[in-house]
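Biologist: Hello! Could you walk me through the charged pairs and the pocket of this protein, one step at a time?

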Amino acid sequence: MSNEANIISKVWSFANVLRDDGVSYGDYLEQLTYLLFLKMVDEFAKPPYFRNINVPEGCDWETLKSKRGAELETHYNKVLKELSKNKGILGQIFTKSQNKIQDPAKLHKIIDMVDKEKWSMMGADLKGKIYEGLLEKNAEDTKSGAGQYFTPRALIKAMVACVQPEPMKTIIDPACGTGGFFLASYDYITKHDELNREQKEFLKNKTFYGNEIVANTRRLCLMNMFLHNIGEIDGETFISSADALVADEGKRYDYVLANPPFGKKSSMTITNEEGEQEKEDLVYNRQDFWVTTSNKQLNFLQHIRTLLKETGQAAVVLPDNVLFEGGAGEIVREQLLQTTELHTILRLPTGIFYRPGVKANVLFFDNRPGAKDPWTKEIWIYDYRTNVHHTLKKKPMTMNDLEDFIQCYNPANRNDRTETWSENNPDGRWRKFTYEEILERDKTNLDIFWIKDKSLTDLDNLPDPDLLANEIIENIEAGLESFKEIMLTLNGDSE
(Lines give C-alpha, C1' and ligand atoms only; values in the text may rest on other atoms or scores of the structure.)
Protein backbone atom coordinates (compact mmCIF):
# COMPACT_ATOMS: atom_id res chain seq x y z
CA MET A 1 0.00 0.00 0.00
CA SER A 2 1.47 3.38 -0.99
CA ASN A 3 1.99 5.97 1.72
CA GLU A 4 -0.77 8.04 0.11
CA ALA A 5 -3.32 5.21 0.16
CA ASN A 6 -2.22 4.38 3.68
CA ILE A 7 -2.93 7.88 5.02
CA ILE A 8 -6.26 8.07 3.23
CA SER A 9 -7.38 4.72 4.60
CA LYS A 10 -6.36 5.77 8.14
CA VAL A 11 -8.33 8.99 7.95
CA TRP A 12 -11.34 7.06 6.62
CA SER A 13 -11.24 4.21 9.08
CA PHE A 14 -11.64 6.74 11.92
CA ALA A 15 -14.71 8.20 10.23
CA ASN A 16 -16.31 4.76 10.33
CA VAL A 17 -15.33 4.01 13.94
CA LEU A 18 -16.85 7.32 15.04
CA ARG A 19 -20.02 6.79 13.03
CA ASP A 20 -20.77 3.81 15.26
CA ASP A 21 -20.60 6.26 18.17
CA GLY A 22 -23.12 8.53 16.49
CA VAL A 23 -20.53 11.05 15.29
CA SER A 24 -21.48 12.13 11.75
CA TYR A 25 -19.00 12.68 8.91
CA GLY A 26 -19.61 16.39 9.31
CA ASP A 27 -18.68 16.38 13.00
CA TYR A 28 -15.62 14.23 12.35
CA LEU A 29 -14.57 16.50 9.51
CA GLU A 30 -14.89 19.49 11.81
CA GLN A 31 -12.74 17.98 14.58
CA LEU A 32 -10.18 16.80 12.04
CA THR A 33 -10.07 20.36 10.69
CA TYR A 34 -9.23 21.81 14.12
CA LEU A 35 -6.59 19.19 14.86
CA LEU A 36 -4.95 19.31 11.43
CA PHE A 37 -4.76 23.06 11.64
CA LEU A 38 -3.16 23.03 15.10
CA LYS A 39 -0.65 20.41 14.00
CA MET A 40 0.29 22.43 10.91
CA VAL A 41 0.68 25.58 12.99
CA ASP A 42 3.10 23.57 15.12
CA GLU A 43 5.03 22.35 12.06
CA PHE A 44 5.27 25.85 10.57
CA ALA A 45 6.77 27.19 13.82
CA LYS A 46 9.69 24.71 13.54
CA PRO A 47 12.49 24.30 10.98
CA PRO A 48 12.64 24.73 8.02
CA TYR A 49 9.88 27.36 8.26
CA PHE A 50 10.42 29.14 11.61
CA ARG A 51 7.17 31.07 11.16
CA ASN A 52 6.11 33.13 14.12
CA ILE A 53 2.44 32.25 14.47
CA ASN A 54 0.62 33.77 17.37
CA VAL A 55 -1.01 30.87 19.25
CA PRO A 56 -2.22 31.66 22.80
CA GLU A 57 -0.16 30.06 25.56
CA GLY A 58 -1.12 26.47 26.36
CA CYS A 59 -3.08 26.11 23.12
CA ASP A 60 -0.19 24.58 21.20
CA TRP A 61 -0.06 21.09 19.74
CA GLU A 62 2.54 19.68 22.14
CA THR A 63 0.43 20.54 25.21
CA LEU A 64 -2.72 19.07 23.67
CA LYS A 65 -0.91 15.90 22.68
CA SER A 66 0.34 15.29 26.20
CA LYS A 67 -3.12 15.20 27.84
CA ARG A 68 -5.28 12.11 28.45
CA GLY A 69 -8.77 11.21 29.66
CA ALA A 70 -11.02 13.82 31.26
CA GLU A 71 -8.10 16.26 31.39
CA LEU A 72 -7.77 16.04 27.58
CA GLU A 73 -11.45 16.82 27.14
CA THR A 74 -11.34 19.88 29.42
CA HIS A 75 -8.14 21.14 27.83
CA TYR A 76 -9.40 20.63 24.25
CA ASN A 77 -12.58 22.61 25.02
CA LYS A 78 -10.46 25.43 26.44
CA VAL A 79 -8.19 25.45 23.36
CA LEU A 80 -11.17 25.72 20.99
CA LYS A 81 -12.61 28.62 22.97
CA GLU A 82 -9.31 30.52 23.15
CA LEU A 83 -8.49 30.12 19.47
CA SER A 84 -11.88 31.41 18.35
CA LYS A 85 -10.79 34.82 19.71
CA ASN A 86 -7.79 34.98 17.35
CA LYS A 87 -7.48 37.23 14.31
CA GLY A 88 -7.11 36.18 10.67
CA ILE A 89 -7.69 32.71 9.27
CA LEU A 90 -6.85 31.07 12.61
CA GLY A 91 -9.75 32.78 14.39
CA GLN A 92 -12.08 32.17 11.45
CA ILE A 93 -11.40 28.44 11.50
CA PHE A 94 -12.19 28.21 15.21
CA THR A 95 -15.30 30.46 15.20
CA LYS A 96 -18.12 28.80 17.19
CA SER A 97 -16.05 25.62 17.48
CA GLN A 98 -17.18 22.80 19.77
CA ASN A 99 -15.91 19.36 20.66
CA LYS A 100 -18.28 16.74 19.23
CA ILE A 101 -16.28 13.65 20.24
CA GLN A 102 -17.49 12.62 23.66
CA ASP A 103 -15.03 9.77 24.24
CA PRO A 104 -11.58 11.17 25.20
CA ALA A 105 -9.89 7.86 24.25
CA LYS A 106 -11.14 8.25 20.66
CA LEU A 107 -10.19 11.90 20.60
CA HIS A 108 -6.69 10.93 21.66
CA LYS A 109 -6.50 8.34 18.90
CA ILE A 110 -7.30 10.97 16.28
CA ILE A 111 -4.71 13.33 17.81
CA ASP A 112 -2.20 10.49 17.63
CA MET A 113 -3.03 9.80 13.96
CA VAL A 114 -2.64 13.49 13.05
CA ASP A 115 0.60 13.66 15.05
CA LYS A 116 2.28 10.81 13.16
CA GLU A 117 2.21 12.59 9.78
CA LYS A 118 4.20 15.57 8.55
CA TRP A 119 1.32 17.50 6.96
CA SER A 120 3.25 20.60 5.94
CA MET A 121 5.67 18.48 3.86
CA MET A 122 2.88 16.52 2.24
CA GLY A 123 1.91 17.54 -1.31
CA ALA A 124 -1.12 19.82 -1.54
CA ASP A 125 -2.62 17.25 -3.95
CA LEU A 126 -2.67 14.54 -1.31
CA LYS A 127 -3.92 16.72 1.54
CA GLY A 128 -6.53 18.10 -0.79
CA LYS A 129 -7.58 14.64 -1.92
CA ILE A 130 -8.12 13.45 1.64
CA TYR A 131 -10.14 16.53 2.55
CA GLU A 132 -12.18 16.70 -0.65
CA GLY A 133 -13.03 13.01 -0.18
CA LEU A 134 -14.42 13.73 3.29
CA LEU A 135 -16.36 16.74 2.01
CA GLU A 136 -17.98 14.60 -0.66
CA LYS A 137 -18.88 11.88 1.85
CA ASN A 138 -20.36 14.55 4.08
CA ALA A 139 -22.45 15.90 1.18
CA GLU A 140 -23.79 12.38 0.49
CA ASP A 141 -25.00 12.15 4.08
CA THR A 142 -28.48 13.41 3.19
CA LYS A 143 -29.65 13.89 6.77
CA SER A 144 -26.97 16.51 7.44
CA GLY A 145 -28.16 18.76 4.62
CA ALA A 146 -24.49 19.44 3.76
CA GLY A 147 -25.20 18.51 0.14
CA GLN A 148 -26.57 21.94 -0.59
CA TYR A 149 -23.08 23.39 -0.13
CA PHE A 150 -21.48 20.89 -2.50
CA THR A 151 -21.55 21.24 -6.30
CA PRO A 152 -20.66 18.11 -8.32
CA ARG A 153 -16.92 18.36 -9.00
CA ALA A 154 -17.26 17.22 -12.64
CA LEU A 155 -19.58 20.15 -13.33
CA ILE A 156 -17.23 22.63 -11.64
CA LYS A 157 -14.25 21.37 -13.64
CA ALA A 158 -16.19 21.63 -16.92
CA MET A 159 -17.24 25.21 -16.11
CA VAL A 160 -13.65 26.16 -15.30
CA ALA A 161 -12.39 24.46 -18.49
CA CYS A 162 -14.78 26.66 -20.52
CA VAL A 163 -13.93 29.91 -18.73
CA GLN A 164 -10.14 29.19 -18.72
CA PRO A 165 -9.13 31.53 -15.87
CA GLU A 166 -5.76 33.24 -16.36
CA PRO A 167 -3.02 34.09 -13.85
CA MET A 168 -2.96 37.55 -12.19
CA LYS A 169 -6.74 37.86 -12.36
CA THR A 170 -9.29 37.83 -9.54
CA ILE A 171 -12.01 35.22 -8.97
CA ILE A 172 -15.02 35.57 -6.68
CA ASP A 173 -17.75 33.15 -5.62
CA PRO A 174 -20.45 35.00 -3.61
CA ALA A 175 -21.84 31.71 -2.23
CA CYS A 176 -18.67 29.65 -2.04
CA GLY A 177 -19.72 26.65 0.07
CA THR A 178 -16.66 24.47 0.65
CA GLY A 179 -14.62 26.18 -2.09
CA GLY A 180 -15.01 23.85 -5.07
CA PHE A 181 -14.78 26.60 -7.69
CA PHE A 182 -11.64 28.07 -6.09
CA LEU A 183 -9.80 24.76 -6.07
CA ALA A 184 -10.74 23.84 -9.63
CA SER A 185 -9.56 27.28 -10.81
CA TYR A 186 -6.35 26.94 -8.81
CA ASP A 187 -5.67 23.53 -10.38
CA TYR A 188 -6.45 24.84 -13.86
CA ILE A 189 -4.11 27.83 -13.54
CA THR A 190 -1.23 25.81 -12.08
CA LYS A 191 -1.57 23.11 -14.77
CA HIS A 192 -1.87 25.41 -17.78
CA ASP A 193 0.67 28.11 -16.97
CA GLU A 194 4.33 28.15 -16.02
CA LEU A 195 3.99 30.62 -13.18
CA ASN A 196 6.77 33.01 -12.19
CA ARG A 197 7.27 34.10 -8.61
CA GLU A 198 4.99 37.12 -8.78
CA GLN A 199 2.20 35.06 -10.38
CA LYS A 200 2.55 32.34 -7.75
CA GLU A 201 2.31 34.89 -4.96
CA PHE A 202 -0.77 36.48 -6.57
CA LEU A 203 -2.43 33.07 -6.95
CA LYS A 204 -1.81 32.20 -3.31
CA ASN A 205 -2.89 35.47 -1.72
CA LYS A 206 -4.72 37.80 -4.10
CA THR A 207 -6.77 35.71 -6.54
CA PHE A 208 -9.67 34.26 -4.56
CA TYR A 209 -12.53 36.03 -2.78
CA GLY A 210 -15.87 34.76 -1.54
CA ASN A 211 -18.81 34.88 0.86
CA GLU A 212 -20.16 32.07 3.00
CA ILE A 213 -22.64 32.90 5.73
CA VAL A 214 -22.75 29.47 7.41
CA ALA A 215 -19.86 29.39 9.93
CA ASN A 216 -19.23 25.66 9.69
CA THR A 217 -19.20 25.65 5.88
CA ARG A 218 -16.90 28.68 5.83
CA ARG A 219 -14.51 26.90 8.17
CA LEU A 220 -14.40 23.85 5.89
CA CYS A 221 -13.79 26.12 2.90
CA LEU A 222 -10.90 27.97 4.57
CA MET A 223 -9.33 24.69 5.63
CA ASN A 224 -9.83 23.16 2.20
CA MET A 225 -8.05 26.11 0.60
CA PHE A 226 -5.33 26.19 3.19
CA LEU A 227 -4.58 22.48 2.66
CA HIS A 228 -4.33 23.23 -1.07
CA ASN A 229 -1.76 25.90 -0.26
CA ILE A 230 -3.97 28.95 -0.81
CA GLY A 231 -3.68 31.78 1.71
CA GLU A 232 -1.34 32.15 4.69
CA ILE A 233 -1.91 30.46 8.03
CA ASP A 234 -1.60 33.78 9.84
CA GLY A 235 -2.88 35.93 6.97
CA GLU A 236 -6.12 37.77 6.43
CA THR A 237 -9.15 35.75 5.51
CA PHE A 238 -10.49 36.33 2.00
CA ILE A 239 -13.85 34.70 2.68
CA SER A 240 -16.39 37.04 4.20
CA SER A 241 -19.15 35.87 6.52
CA ALA A 242 -21.45 38.64 5.28
CA ASP A 243 -24.56 38.02 3.18
CA ALA A 244 -23.31 38.88 -0.32
CA LEU A 245 -26.70 40.28 -1.37
CA VAL A 246 -26.98 42.97 1.31
CA ALA A 247 -24.72 45.55 -0.33
CA ASP A 248 -22.41 46.28 -3.21
CA GLU A 249 -18.99 46.46 -1.58
CA GLY A 250 -17.65 48.27 -4.64
CA LYS A 251 -14.93 45.80 -5.64
CA ARG A 252 -14.98 44.35 -9.18
CA TYR A 253 -13.56 41.01 -10.32
CA ASP A 254 -12.36 39.31 -13.50
CA TYR A 255 -14.35 36.12 -12.99
CA VAL A 256 -17.43 35.04 -11.08
CA LEU A 257 -17.88 31.26 -10.75
CA ALA A 258 -20.79 30.24 -8.56
CA ASN A 259 -23.66 27.95 -7.70
CA PRO A 260 -25.84 30.18 -5.50
CA PRO A 261 -28.05 28.45 -2.92
CA PHE A 262 -31.28 26.92 -4.19
CA GLY A 263 -34.49 27.85 -2.46
CA LYS A 264 -36.48 30.61 -3.96
CA LYS A 265 -37.38 33.14 -1.32
CA SER A 266 -35.05 35.26 0.76
CA SER A 267 -36.64 35.76 4.16
CA MET A 268 -35.80 36.82 7.68
CA THR A 269 -37.52 35.98 10.96
CA ILE A 270 -38.86 38.93 12.92
CA THR A 271 -40.82 39.21 16.16
CA ASN A 272 -44.11 41.05 15.67
CA GLU A 273 -45.92 43.30 18.15
CA GLU A 274 -47.74 40.34 19.72
CA GLY A 275 -44.34 38.79 20.47
CA GLU A 276 -44.85 35.99 17.92
CA GLN A 277 -42.20 35.10 15.43
CA GLU A 278 -43.05 35.49 11.79
CA LYS A 279 -41.12 35.40 8.55
CA GLU A 280 -40.92 38.39 6.29
CA ASP A 281 -39.75 38.45 2.69
CA LEU A 282 -36.30 39.85 2.49
CA VAL A 283 -36.10 42.40 -0.29
CA TYR A 284 -32.73 43.94 -1.01
CA ASN A 285 -33.01 47.60 -1.96
CA ARG A 286 -29.98 48.15 -4.11
CA GLN A 287 -29.37 50.96 -6.56
CA ASP A 288 -27.36 48.65 -8.81
CA PHE A 289 -30.19 46.10 -9.22
CA TRP A 290 -32.49 46.31 -12.24
CA VAL A 291 -35.50 45.13 -10.26
CA THR A 292 -36.45 44.63 -6.62
CA THR A 293 -37.60 41.09 -5.84
CA SER A 294 -37.55 38.54 -3.02
CA ASN A 295 -36.49 35.81 -5.48
CA LYS A 296 -33.04 34.79 -4.24
CA GLN A 297 -31.71 33.51 -7.59
CA LEU A 298 -32.69 36.64 -9.48
CA ASN A 299 -30.97 38.68 -6.77
CA PHE A 300 -27.83 36.57 -7.05
CA LEU A 301 -27.82 36.95 -10.82
CA GLN A 302 -28.11 40.74 -10.52
CA HIS A 303 -25.43 40.81 -7.82
CA ILE A 304 -23.07 38.70 -9.95
CA ARG A 305 -23.44 41.10 -12.87
CA THR A 306 -22.53 43.96 -10.49
CA LEU A 307 -19.40 42.11 -9.29
CA LEU A 308 -17.91 41.84 -12.78
CA LYS A 309 -15.31 44.20 -14.17
CA GLU A 310 -16.26 45.78 -17.49
CA THR A 311 -14.65 42.81 -19.27
CA GLY A 312 -15.40 40.25 -16.55
CA GLN A 313 -16.73 36.75 -17.25
CA ALA A 314 -19.28 34.72 -15.33
CA ALA A 315 -20.36 31.06 -15.22
CA VAL A 316 -23.25 30.47 -12.84
CA VAL A 317 -25.50 27.52 -11.97
CA LEU A 318 -29.13 28.67 -11.77
CA PRO A 319 -32.45 26.81 -11.52
CA ASP A 320 -34.94 26.68 -14.41
CA ASN A 321 -37.24 29.33 -12.94
CA VAL A 322 -34.65 32.01 -13.77
CA LEU A 323 -35.10 31.15 -17.47
CA PHE A 324 -38.88 31.37 -17.68
CA GLU A 325 -40.36 33.26 -14.73
CA GLY A 326 -42.41 36.35 -15.62
CA GLY A 327 -42.40 39.73 -13.88
CA ALA A 328 -39.02 40.39 -12.26
CA GLY A 329 -37.56 37.39 -14.11
CA GLU A 330 -38.45 38.87 -17.49
CA ILE A 331 -36.88 42.24 -16.60
CA VAL A 332 -33.67 40.56 -15.40
CA ARG A 333 -33.39 38.46 -18.59
CA GLU A 334 -33.98 41.48 -20.85
CA GLN A 335 -31.35 43.52 -18.98
CA LEU A 336 -28.89 40.65 -19.00
CA LEU A 337 -29.20 40.27 -22.79
CA GLN A 338 -28.85 44.03 -23.19
CA THR A 339 -25.87 44.77 -20.93
CA THR A 340 -23.88 41.52 -21.12
CA GLU A 341 -23.16 38.96 -23.77
CA LEU A 342 -25.10 35.91 -22.62
CA HIS A 343 -23.51 33.52 -25.09
CA THR A 344 -24.04 30.00 -23.69
CA ILE A 345 -26.56 28.00 -21.66
CA LEU A 346 -25.91 24.41 -20.58
CA ARG A 347 -29.10 22.56 -19.61
CA LEU A 348 -28.22 20.15 -16.80
CA PRO A 349 -29.79 16.74 -16.19
CA THR A 350 -31.56 15.77 -12.97
CA GLY A 351 -29.93 13.33 -10.55
CA ILE A 352 -26.60 15.19 -10.20
CA PHE A 353 -27.23 17.39 -7.15
CA TYR A 354 -27.31 16.20 -3.55
CA ARG A 355 -30.43 18.28 -3.03
CA PRO A 356 -33.16 16.42 -4.96
CA GLY A 357 -35.78 17.96 -7.20
CA VAL A 358 -33.44 20.54 -8.69
CA LYS A 359 -33.53 21.35 -12.39
CA ALA A 360 -30.70 23.70 -13.22
CA ASN A 361 -28.62 25.27 -15.98
CA VAL A 362 -25.26 26.95 -16.31
CA LEU A 363 -25.36 30.47 -17.72
CA PHE A 364 -22.13 31.78 -19.25
CA PHE A 365 -22.05 35.53 -19.83
CA ASP A 366 -19.41 38.24 -20.34
CA ASN A 367 -19.87 41.76 -19.05
CA ARG A 368 -19.60 44.65 -21.50
CA PRO A 369 -19.39 48.47 -21.33
CA GLY A 370 -22.63 50.47 -21.67
CA ALA A 371 -23.96 50.67 -25.24
CA LYS A 372 -27.14 51.52 -27.20
CA ASP A 373 -27.55 48.13 -28.85
CA PRO A 374 -27.89 44.86 -26.94
CA TRP A 375 -24.61 43.00 -26.50
CA THR A 376 -26.16 39.53 -26.86
CA LYS A 377 -26.38 38.69 -30.56
CA GLU A 378 -26.92 34.93 -30.28
CA ILE A 379 -27.28 32.35 -27.52
CA TRP A 380 -25.91 28.84 -27.90
CA ILE A 381 -27.77 26.18 -25.93
CA TYR A 382 -26.46 22.69 -25.15
CA ASP A 383 -29.21 20.34 -24.04
CA TYR A 384 -27.59 17.83 -21.70
CA ARG A 385 -30.96 17.05 -20.11
CA THR A 386 -33.33 15.42 -22.60
CA ASN A 387 -32.80 11.63 -22.63
CA VAL A 388 -29.85 11.93 -20.21
CA HIS A 389 -30.05 9.79 -17.07
CA HIS A 390 -27.80 10.14 -14.03
CA THR A 391 -27.98 9.13 -10.39
CA LEU A 392 -25.59 10.10 -7.60
CA LYS A 393 -24.53 6.56 -6.75
CA LYS A 394 -24.91 4.19 -9.70
CA LYS A 395 -24.38 6.51 -12.61
CA PRO A 396 -22.84 9.77 -11.44
CA MET A 397 -22.02 12.47 -13.97
CA THR A 398 -18.29 12.51 -14.81
CA MET A 399 -16.02 14.92 -16.63
CA ASN A 400 -16.18 12.60 -19.67
CA ASP A 401 -19.93 13.13 -19.90
CA LEU A 402 -19.32 16.87 -20.32
CA GLU A 403 -16.42 16.55 -22.76
CA ASP A 404 -18.67 16.96 -25.82
CA PHE A 405 -20.14 20.15 -24.36
CA ILE A 406 -16.65 21.60 -23.74
CA GLN A 407 -15.63 20.84 -27.33
CA CYS A 408 -18.81 22.44 -28.69
CA TYR A 409 -18.27 25.46 -26.41
CA ASN A 410 -14.79 25.78 -27.99
CA PRO A 411 -12.99 27.69 -25.22
CA ALA A 412 -9.99 28.40 -27.49
CA ASN A 413 -12.18 30.51 -29.77
CA ARG A 414 -15.81 30.66 -28.81
CA ASN A 415 -16.62 32.83 -31.86
CA ASP A 416 -15.95 29.82 -34.04
CA ARG A 417 -18.68 27.32 -33.17
CA THR A 418 -20.60 24.75 -35.18
CA GLU A 419 -24.13 23.57 -34.43
CA THR A 420 -24.65 19.83 -34.13
CA TRP A 421 -28.41 20.38 -34.50
CA SER A 422 -29.85 20.67 -38.03
CA GLU A 423 -33.06 19.80 -39.88
CA ASN A 424 -31.37 16.48 -40.75
CA ASN A 425 -30.12 15.91 -37.21
CA PRO A 426 -33.03 17.00 -34.97
CA ASP A 427 -31.39 15.26 -31.96
CA GLY A 428 -28.28 17.44 -32.13
CA ARG A 429 -27.66 18.82 -28.64
CA TRP A 430 -25.90 22.07 -29.65
CA ARG A 431 -28.08 24.74 -31.20
CA LYS A 432 -27.88 28.49 -31.77
CA PHE A 433 -30.68 31.04 -31.32
CA THR A 434 -30.45 34.67 -32.47
CA TYR A 435 -31.35 37.62 -30.25
CA GLU A 436 -34.36 38.29 -32.52
CA GLU A 437 -35.64 34.71 -32.11
CA ILE A 438 -35.39 35.02 -28.33
CA LEU A 439 -37.23 38.37 -28.29
CA GLU A 440 -40.12 36.86 -30.22
CA ARG A 441 -40.64 34.32 -27.45
CA ASP A 442 -43.22 35.11 -24.77
CA LYS A 443 -41.58 36.93 -21.80
CA THR A 444 -38.09 36.53 -23.34
CA ASN A 445 -38.29 32.90 -22.22
CA LEU A 446 -34.90 31.14 -22.34
CA ASP A 447 -36.23 27.73 -21.28
CA ILE A 448 -35.74 26.24 -24.74
CA PHE A 449 -35.67 22.57 -25.75
CA TRP A 450 -36.15 20.81 -29.07
CA ILE A 451 -35.07 17.16 -28.72
CA LYS A 452 -37.88 14.59 -28.54
CA ASP A 453 -38.14 12.85 -25.19
CA LYS A 454 -37.54 9.19 -26.06
CA SER A 455 -39.27 7.86 -22.98
CA LEU A 456 -42.51 9.23 -24.46
CA THR A 457 -42.05 7.55 -27.85
CA ASP A 458 -39.65 4.62 -27.63
CA LEU A 459 -41.11 2.21 -25.11
CA ASP A 460 -38.71 -0.59 -26.11
CA ASN A 461 -35.58 1.27 -25.05
CA LEU A 462 -36.45 2.66 -21.67
CA PRO A 463 -33.58 3.22 -19.21
CA ASP A 464 -33.10 0.96 -16.16
CA PRO A 465 -36.07 0.89 -13.79
CA ASP A 466 -34.04 2.44 -10.96
CA LEU A 467 -32.98 5.35 -13.20
CA LEU A 468 -36.58 5.87 -14.23
CA ALA A 469 -37.78 5.65 -10.63
CA ASN A 470 -35.17 8.23 -9.66
CA GLU A 471 -36.33 10.60 -12.35
CA ILE A 472 -39.96 10.21 -11.34
CA ILE A 473 -38.96 11.10 -7.76
CA GLU A 474 -36.90 14.09 -9.00
CA ASN A 475 -39.85 15.36 -11.05
CA ILE A 476 -42.33 14.95 -8.22
CA GLU A 477 -39.98 16.72 -5.82
CA ALA A 478 -39.36 19.55 -8.27
CA GLY A 479 -43.14 19.86 -8.72
CA LEU A 480 -43.64 19.90 -4.95
CA GLU A 481 -41.06 22.68 -4.56
CA SER A 482 -42.90 24.79 -7.14
CA PHE A 483 -46.27 24.02 -5.58
CA LYS A 484 -45.00 25.01 -2.11
CA GLU A 485 -43.86 28.33 -3.51
CA ILE A 486 -47.29 28.97 -5.06
CA MET A 487 -48.95 28.16 -1.72
CA LEU A 488 -46.61 30.44 0.16
CA THR A 489 -47.26 33.25 -2.30
CA LEU A 490 -51.03 32.76 -1.99
CA ASN A 491 -50.79 32.80 1.80
CA GLY A 492 -48.61 35.89 1.68
CA ASP A 493 -45.99 34.06 3.70
CA SER A 494 -42.48 32.86 2.86
CA GLU A 495 -40.54 29.77 3.72
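**Salt bridges and a pocket**

Modeller: Gladly! Let's begin with R385 and D320, which form a salt bridge whose closest N and O atoms are 2.8 Å apart. R385 sits in the loop between β10 (378-383) and α15 (403-409), while D320 is in the loop between β7 (308-319) and α13 (321-324), so the pair links distant parts of the chain, 65 residues apart. Please keep in mind that this is a predicted model.

Biologist: How many salt bridges does the structure hold?

Modeller: Side chains of opposite charge can pair when their charged atoms come close. For the structure, the number of salt bridges is 25.

Biologist: How many residues apart in sequence are the parts that E30 and R219 tie together?

Modeller: The side chains of E30 and R219 meet in a salt bridge, at 3.8 Å from N to O. E30 belongs to helix α2 (residues 25-44) and R219 to helix α11 (residues 215-227), so the pair ties together parts whose separation in sequence is 189 residues. E30 is buried, with a relative accessible area of 3%, and R219 is buried too, at 2%. To return to your question, the separation is 189 residues.

Biologist: What is the accessibility class of K206?

Modeller: K206 forms a salt bridge with E201, with 3.2 Å between the closest N and O atoms. E201 has 36% relative accessibility and counts as partly exposed. Partly exposed covers values between the buried limit of 20% and the exposed limit of 50%. At 39%, K206 is partly exposed.

Biologist: Which element gives the largest share of the lining of the largest pocket?

Modeller: About 860 Å³ of space lies in that pocket, and 33 residues line it, with A124, D125, K129, D187 and H228 nearest its centre. The elements giving two or more residues to the lining are α2, α7 (124-140), α8 (153-163), α9 (180-192) and α11. The largest share is nine residues, and it comes from α7.

Biologist: How many charged residues are in the lining of the largest pocket?

Modeller: Let's sort the lining by class. It has 12 nonpolar and seven polar residues. The number of charged residues is 14.

Conventions. Residues are numbered from 1 along each chain as its sequence is written. This is a predicted model: local features need pLDDT of at least 70, side-chain atom pairs count only at pLDDT 80 or more; totals for chains, interfaces and linings use all residues. Side-chain values use heavy atoms; hydrogens and water are left out. A salt bridge is a side-chain nitrogen of Lys or Arg within 4 Å of a carboxyl oxygen of Asp or Glu. Helices (H or I, at least four residues) and strands (E, at least two) are DSSP runs, numbered from the N terminus. Buried means under 20% relative accessible area, exposed over 50%, partly exposed in between (1.4 Å probe, protein chains only). On a 1 Å grid over the protein atoms alone, a cavity is a set of points where a 1.4 Å probe fits but cannot get out, and a pocket is an open set with protein on both sides within 12 Å along at least five of seven lines; lining residues have an atom within 4 Å of a point. Grid points are joined across faces, edges and corners, and a volume is the space filled by probe spheres set on the points. Ala, Val, Leu, Ile, Met, Phe, Trp, Tyr, Cys and Pro count as nonpolar, Asp, Glu, Lys and Arg as charged, and the others, Gly among them, as polar.
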